[in-house]
Amino acid sequence: MTPSTPRLVVAAPSSGSGKTTVATGLMAAFAARGLAVSPHKVGPDYIDPGYHALATGRTGRNLDAYLCGPELVAPLFLHGARGCDIAVVEGVMGLYDGAAGEGELASTAQVAKLLGAPVVLVVDASAQSRSVAALVHGFVSWDPQVRVGGVILNKVGSARHEELLRDALDSVGVPVLGALRRARPVETPSRHLGLVPVAERRALAVDAVAEMAALVSRGCDLAALEKLARSAGAVPGGAAPWTPGFSPTHDQPARSAGAAKPRIAVAGGPAFTFSYAEHTELLAAAGAEVVTFDPLHDEELPDGTAGLVVGGGFPEVYAAELSANEPLRAAVSALAARGAPVAAECAGLLYLCRELDGSPMCGVLDATARMAERLTLGYRDAVAVGDSVLAAAGTRMRGHEFHRTVVEPAAGAAPAWGIRGRERRVEGFVQRGVHASYLHTHWASEPGVARRFVERCRTS
């Protein structure tokens, strides 16, 4: 892999245009041609990368300029693309949509510019013909630094409809690289937080990815798309690949030689699918032995567990099954009671409560959780209220909330985070070795978090 890895960004005028279908299908189609494909997703989304991983056989990775800072986008991309022939980056929302009130920050357009990558615009053409030219012209001309290298027309009704669309786009000067006909939607069921994760429907998800690949292969000019990807030059700014032991902005070594290697258990399985790959990489680089377990089925924590990480997911869907696993709930409670480090985000927070929708959980926190009518969604600017196993008081991190549950009370006597900005508040819980919060954070933005957690596991 070199800093000039061929790459494409798949974007759209708005959500619902077909980005995920096209991006995932394109990844799978390239992989079927014998290419090693590096999959990426703009933004904090955990679910789409699971489908990307199925399509490519490689870990799906996120590129989020809000959570990690613009300076880490290119290094994280190069880290993920190491050893690959081509990279496909799926955008988020509309091409120019970013963090609310922050201009282009965290938008697909910003990531495309940071990577020096050409953009393929996926347009839902189902209810237009000549107007498509005005739409594409607007997106092409809005920011001259964003290179829209081609268009893929989605939901085309007929051969005649396609002809009208292509004729209209001739005047814009952007090539049409594909036209996908209206068809039965690929089976990718959704619920309250978006697509159902791969881990919950693996066989059906494999079939869905195969359908996406077939759709894209039939309707797109794969050779032209690959040629466009190869037109990308070196990544701007001379960026070097991110590494979990060192980073471009944090150059302290991960651990001292000869230090003890604590075992850290990381929750996985269908109930806990939300995790950034860099977290376990950072824990390992800091000297931990990382072991994954499934709270739905494993009745014990891994032998010798010195610390526990429980990330995001859907415990509300599996509340009865999680509650029925009483031996594991007791083990988690005992681990926390003896002061071992425990880091819990969102779903992990719910799992540590006394109960979730009436089902007993681990009882580590004196709080209850329940489903709510309103979705809580958005980026957050946070500061650590006090010292914890993750961060020293005053540490600033950016995070993302994404849940349809509420925890009562919202914060403990020692809160985890103070939320800055318009909605100033505190949230989460810090007690002994436990740090539990709704906030999803990306530890690559502050590698000291992983190092601090591993050191506490080593000494607790």
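Hi everyone. Let's start with two strands: S20 and strand S21, residues 434–437, run antiparallel and are joined by three bridges. If you want to find one of those pairings on your screen, look at Phe 429, whose bridge partner in S21 is Ala 436. Please keep in mind that what we are looking at is a predicted model.

Now let's zoom out to the whole sheet. Six strands make up this open sheet, and their order is S11-S10-S12-S13-S21-S20, with mixed pairing. Which strands stand at the edges? They are S11, residues 289–293, and S20, residues 429–431; each has a single partner strand, so one side of each is left without a neighbour in the sheet. From one strand to the next, the twist averages 15°.

Next, what packs on this sheet? Helix H12, residues 326–337, does, and it touches S11, S12, S13 and S21. Its direction makes about 110° with that of S12, the strand at residues 305–310. Then there is helix H14, residues 448–459, which lies across S10, S12 and S13. H14 runs at about 145° to S12.

Let's move on to charged side chains. How many salt bridges does the structure hold? There are 20, and I picked a few to show you.

The first stop is Asp 48 with Lys 41, whose side chains meet in a salt bridge at 3.2 Å, N to O. Are these two buried or exposed? Buried means under 20% relative accessible area, so Asp 48, at 8%, counts as buried, and Lys 41 is buried too, at 4%.

Our next stop sits inside a helix. Arg 166 and Glu 162 form a salt bridge, with the closest N and O atoms 2.9 Å apart. Both belong to helix H7, residues 159–170, and they are four residues apart, which is about one turn of the helix. Arg 166 is partly exposed, at 31% relative accessible area, whereas Glu 162 counts as buried at 16%.

Now for a pair from separate parts of the chain. Arg 420 and Asp 381 meet through their side chains in a salt bridge of 3.7 Å, N to O. Arg 420 is in the loop between strands S18 and S19, while Asp 381 is in strand S16, residues 368–384, so the pair ties together parts that are 39 residues apart in sequence. Here Arg 420 is partly exposed, with a relative accessible area of 33%, and Asp 381 is buried, at 16%. There is also a network: salt bridges with shared partners join Arg 33, Glu 226 and Arg 230.

Finally, let's look inside. In soluble globular proteins, nonpolar side chains tend to be buried together. In this model, the largest nonpolar core has 115 residues, and the ones with the most contacts inside it are Leu 153 and Leu 225. Which helix gives the most to this core? Helix H1, residues 19–32, does, with seven residues.

Leaving aside residues up to four places away in sequence, Leu 153 touches several residues, including Val 123, Ala 125, Val 132, Leu 165, Leu 169 and Val 176.

Definitions and conventions. Residues are numbered from 1 along each chain as its sequence is written. This is a predicted model: local features need pLDDT of at least 70, side-chain atom pairs count only at pLDDT 80 or more; totals for chains, interfaces and linings use all residues. Side-chain values use heavy atoms; hydrogens and water are left out. Two strands pair if DSSP finds at least two bridges between them. Axes are lines fitted to C-alpha atoms, for helices over the stretch in contact, and angles run from 0 to 180 degrees between N-to-C directions. Contact means heavy atoms within 4.5 Å. A salt bridge is a side-chain nitrogen of Lys or Arg within 4 Å of a carboxyl oxygen of Asp or Glu. Buried means under 20% relative accessible area, exposed over 50%, partly exposed in between (1.4 Å probe, protein chains only). A nonpolar core is a set of buried Ala, Val, Leu, Ile, Met, Phe, Trp, Tyr and Cys residues joined through side-chain atoms within 4.5 Å.
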